[in-house]
Amino acid sequence: MKKLWLLSFLIPILSGCFHSNLNSATNPPSQEVQLCTELKRNIIFNKTSTPSIGTASATQYTQMINLYDKYGCSKLDQISK
């Protein structure tokens with residue numbers, strides 16, 4: 001009898017938790033956010049997107065900063081804070 005009572009009590013609770021976990025899946029970031037995140041990481045660590053090249057040249061670094069400004073990445077940073 002105790003097992004039946006326990007099961008009748010736990011099943012709704014567990015199914016509710018499982019259901020809420022399915023609904024809490026977050027949306028993936030947009031392409032703009034992904035681009036800005038990659039640019040910011042590359043600027044901070046002075047790296048290129050291509051791992052085989054390694055450190056960015058002065059020209060590549062300037063291009064990354066220009067793209068960061070062009071796409072308004074600084075505005076996205078302010079919104080996320």
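In the predicted model, tyrosine 71 lies in the loop that separates helix H3 (58–70) from helix H4 (73–80). With a relative accessible area of 35%, tyrosine 71 is classed as partly exposed, because this category covers values between the limit for buried residues, under 20%, and that for exposed residues, over 50%.

The structure contains 1 disulfide, formed by cysteine 36 and cysteine 73 with a distance of 2.0 Å between their sulfur atoms. The link is left-handed, with an angle of -75° about the S-S bond. Distant parts of the chain are connected by this pair, as cysteine 36 belongs to helix H2 (residues 31–45) and cysteine 73 to helix H4, at a separation of 37 residues. Cysteine 36 and cysteine 73 are both buried, in contrast to the partly exposed tyrosine 71.

At the level of the whole protein, the secondary structure comprises 4 helices and 0 strands, which gives the pattern α-α-α-α along the sequence. Among contacts with a separation of 6 or more, 38% involve residues 24 or more positions apart. Buried residues make up 14% of the 81 residues of the protein. The accessible surface totals about 6900 Å², and carbon and sulfur atoms account for 63% of that surface.

Notes:
Residues numbered from 1 in each chain as written. Predicted model: local features only at pLDDT ≥ 70, side-chain atom pairs only at ≥ 80, totals over all residues. Heavy atoms only, no water. Helix = DSSP H or I, 4+ residues; strand = E, 2+ residues; numbered from the N terminus. Buried < 20%, exposed > 50% of the residue type's maximum accessible area, 1.4 Å probe, protein only. Disulfide = S-S within 2.5 Å. Contact = heavy atoms within 4.5 Å. Areas by Shrake-Rupley, 256 points an atom, 1.4 Å probe, with all protein chains shown as cover.
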